[in-house]
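This report concerns the contact between two protein chains.

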Amino acid sequence: RFCGVGRVVSGYSTSAGIENPINPSIKVHCTQLLINGNFVDSASGKTFPTYDPRTGDVIAHVAEGDAEDIDRAVCAARKAFDEGPWPKMTAYERSKVLFRFADLLDKHIEELATLETWDNGKPYEQSAKIELPMISRIIRYYAGWADKIHGLTIPADGPHLVQTIHEPIGVAGQIIPWNFPLLMFAWKVGPALACGCTIVLKSAEQTPLSALYAAKLLHEAGLPPGVLNVVSGFGPTAGAALASHMDVDKLAFTGSSETGKIVLELASKSNLKPVTLELGGKSPFIVCKDADVDKAVELAHFALFFNQGQCCSAGSRTYVHEDVHDEFIEKAKARALKRSVGDPFKAGVEQGPQVNNGQPLLHVVVIMSYILIAMKISVRCYNLRFSPVLFQTDTNAYLNQIDSEQFEKILRYIRSGIESGATLITGGDRLGSKGFYIQPTVFTNVKEDMLIAQEEIFGPVQSILKFRDMDEVIRRANSTRYGLAAGVFTNDLDTANTLSRALKVGTVWINCYDVFDAAIPFGGYKMSGQGREKGVHCLSNYLQVKAIVAPLKNPAWI
Amino acid sequence: TDSLFFQLISLFFILTKSVILHVKTINSGKNSGRNGIGKRFSTAAALEDLIVPPVQIAYTQNLIDGKFVDAASGKTFPTYDPRTGDVIANVAEGDAEDIDRAVAAARKAFDEGPWPKMTPYERSRIMLRFADLVEKHSEELAALETWNNGKPHEQAAKSELPMFIRLFHYYAGWADKIHGLTVPADGPHHVQTLHEPIGVAGQIIPWNFPLLMFAWKVGPALACGNTIVLKTAEQTPLTALYVAKLFHEAGLPPGVLNVVSGYGPTAGAALASHMDVDKVAFTGSTDTGKIVLELAAKSNLKPVTLELGGKSPFIICEDADVDKAVELAHFALFFNQGQCCCAGSRTFVHEHVYDEFLEKAKARALRRVVGDPFRKGVEQGPQIDTEQFEKVLRYIRAGIESNATLECGGDRLGTKGYFVQPTVFSNVKDDMLIAKDEIFGPVQSILKFKDIDEVIRRANNTRYGLAAGVFTKSVETANTLTRALRAGTVWVNCFDVFDAAIPFGGYKMSGIGREKGIYSLHNYLQVKAVVTPLKNPAWL
């Protein structure tokens, strides 16, 4: 269908049931906004649908927050900060609330993991066995920080007592993405609460469900009303209102670089709130000539295809040394062909559908569908030179997708890869006729100036590039506006040290990838973001430093 | 003593004593003919008979890639003596093209070295040699600073130049102490963080402390291994060029520090929106700070540090030593002609001591010695330029119109240059313009308060949050206020103590980030996590 390339490979391992999805075993309870400790409808009374990406069916209608709801939420958070009790509780009390929350997360792991997979499409095994345990781990990590926020006493040149206290910054606005809804919730909410801030969190419109559920559990754990407010809604309305709110003291955003620029602009135009940004990436994965090729293939595959390729840190430029290139691509292709794509609720499935994105396009797409139907009819009537079959396919695709911004975007990038002369060695098309599944796709002979080597695809599309020597690969790996992460595969200590210093990225994984410990800082160089999340480094995002200076009378020492 | 604090304090005493020697009365109210309040200002005799600065101007071109060069356009702009408004020199006027060239030089010096590839020890040695050279040339530098800025020469020579040198000693000491961390992980992984230089830093400095702001910006950036394009304020381009020249004499490689003189909308905007600049640090007004951040957001998302305006409260509690409080509150506001972002520009006085305070504050202002800043014993020179001068006078008019009581001052001083009478308003209310906006001039606003909760609320009721002064003998009051005030620095029973190690920066719309101290380093560092699996680890 795309440029006549057709299906290079037809032997995908798909689990049988793409067309007959497994019924999730839970009910959706929390769909309202959570403001000041209560679930409430949006001020406008509006709702928006959230979809199952396996089918495009509506899971639930969720209260749609906009500027008015953000106002109410900020007001509640402001009150909980300025009047307490949150920042006036002892740090130990705050940590106990977070510990109890982690316990509740563990208790409700199945419902949360189910909700996450249902709304996002990621493999249930990944949700339940990796992400949920990581989330309670992260919350416990931050709970432990709450009573360890130390200031400094500072040596001065004269008889002065100087100290710094690290104060909570105030009301934090947090905007999280749809690719890891709960993990991003934990990354954002954990440090802010540990530092004594109150929060207005806007979830992604594609995946509003699990954050509401988790926030409810946090209140069960003893969080006072107003400390964490969750508003579901869209970026241009709710998100923009939060970023430009004059009573919000801090903003943390995870999402695309384009939106990140808007968020920073809104902050600069309003009250100059400090902004932390975790944005896009085009991370190099460098396989050196001394690498264990089998391991490198597996890691490079994982680095790109994990979470349907929907990771900001995805290793989306696989650089392979020319000496091992041919062996590598053969094995990478074989590995991609072995990838099992299917209903994410089915055991053993590695890849689910792409996220169901772009609800604002709904009407546009419906209208387009009608136009296509009309055209199909006219084509049939007048027997023009267009193939009716082609239109049949397209129309069905559009009708089935309902709205599929991400899905379409990925397919566009695949087309552009083919058009720019990269070699498609496997994949290249959608999988099945329903939902948003895409074949694991591998391109070789990719050059730096191709779109697929420059832009963030955010899908299961691996681009393999060949390199000759170290200086060249450093230059090429760094020639991007992004700088989020990098993978290095080598057993040579000198090579590892040279590359880990030279690569302009926030994380270098050597002989591993996507290791996300709570204590490891994560964030970007260049246009991949500002600031670091996780680890000790993230705390300063939510603290103000206040210097206190007083004269000393008759000091015993200075 | 070597201590800066003592230097500052002794400076006070010198100035206070000199009052007696230099008291001279003149008539005020020449311009507006307003009520004759406060006519007896102490001015150094010779506002009309100015001292010739003991220094030649050698450097007026842009310093790019280690060389002094004309602006690409060939244009120049005049820089003035604020005592007279006369032109001192014509300076090369950099714009986007010059910024481009400077960034290219800085990029090369960063990407290809030698700066970030030198050992931290070598970098620190160059900074130490530079500090020595500045010390050697401190007389010329202090003279140049006063000539171009109008600040008292004694302040420049005895307080600011030593502080400048101190700051470079401080940052030179940091260069070889930039530690990363090793990080505990849950699994068999070896995790370390590297704190890397961020790259090419764009730095935009203001005119109120041209040399000190140079040190605050350049010191940490160079210590961390970055290269720099620095844009000076168009009012005060001279001293930065001079010290940058000394830096190269100290062994700084070409391209590491590039200095471009020029204006905000041209050179400054080009720097803030440059795609090859990795970081911007700006000190100036809040309004300009917003534009800088917006330009960074619209271009390449470079991280931005901002040190912006303030409307800092100075709170005198009922148990305060009133005489000391008067002196400190006077200093907090009038220091540097009131041209400090952290000026204590809202003097909150407890009602029990209000009347006494007011009388003494007025007397102190009347004693302030205003005159040729080159003259010994002068406490206050001219404002920086005609724009600021007019702005200050507008705010004074606004104060009178909004019914604050003008206790003294209220007008210009003399007929030449930009001298303003030390001005004190009482009965100031929170909703008056003079209590809300940053005046940036010698205008003290005194407000009355009744209790602690009230003063906390009122002190915090501003979009700014840069600094605060607290005057009390009570530990409890001090502790309550220091926690409650939303400001980046709280000076308790002191004000404007600026140690190299004390972080400085704002809450709210006074800025983003901290300068000085250990906190300033991370403005110029990127954190990189490096993760490798462990085989058979002996421990985890």
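Two residues are taken to be in contact when heavy atoms lie within 4.5 Å. On that basis, in this predicted model, 70 residues of chain B touch 68 residues of chain A. Together, chain B and chain A bury about 5,300 Å², of which 59% is on carbon and sulfur atoms.

Specific polar links also cross the interface. The rule finds four salt bridges between chain B and chain A, and B:E294 forms a salt bridge with A:K269, with the closest N and O atoms 3.8 Å apart. Residue pairs in polar contact across this interface number 33, both residues being at pLDDT 80 or more.

Several elements of chain B each supply at least two residues to the side that touches chain A; among them are those tabulated here.

| Element of chain B | Residues |
|---|---|
| α1 | 4-22 |
| α2 | 96-111 |
| β7 | 189-197 |
| α9 | 286-298 |
| α15 | 475-484 |
| β20 | 489-492 |
| β22 | 525-533 |

With eight residues, β22(B) gives the most to this side of chain B. By class, the residues of that side comprise 38 nonpolar, 16 polar and 16 charged.

Strand pairing also links the chains. β20(B) pairs in the parallel sense with strand β22 (residues 543-551) of chain A, over three bridges. Within β20(B), B:W491 is the bridge partner of A:V549.

As for annotation, an unreviewed UniProt entry assigns "domain: Aldehyde dehydrogenase" to residues 68-530 of chain B. That span is 40% helix and 20% strand, and its end C-alpha atoms lie 41 Å apart.

Notes: Residues are numbered from 1 along each chain as its sequence is written. Chains are lettered from A and ligands numbered from 1 in the order in which they are written. This is a predicted model: local features need pLDDT of at least 70, side-chain atom pairs count only at pLDDT 80 or more; totals for chains, interfaces and linings use all residues. Side-chain values use heavy atoms; hydrogens and water are left out. UniProt positions are given in the numbering used here, feature names are shortened, and annotations may be inferred rather than shown by experiment. Helices (H or I, at least four residues) and strands (E, at least two) are DSSP runs, numbered from the N terminus. Buried area is the accessible area (1.4 Å probe) that two parts lose on being put together, summed over both. A salt bridge is a side-chain nitrogen of Lys or Arg within 4 Å of a carboxyl oxygen of Asp or Glu. A polar contact is a pair of N or O atoms within 3.5 Å; within protein, one must be able to donate a hydrogen and the other to accept it, and residues adjacent in sequence count only if both atoms are side-chain atoms. Ala, Val, Leu, Ile, Met, Phe, Trp, Tyr, Cys and Pro count as nonpolar, Asp, Glu, Lys and Arg as charged, and the others, Gly among them, as polar. Two strands pair if DSSP finds at least two bridges between them.
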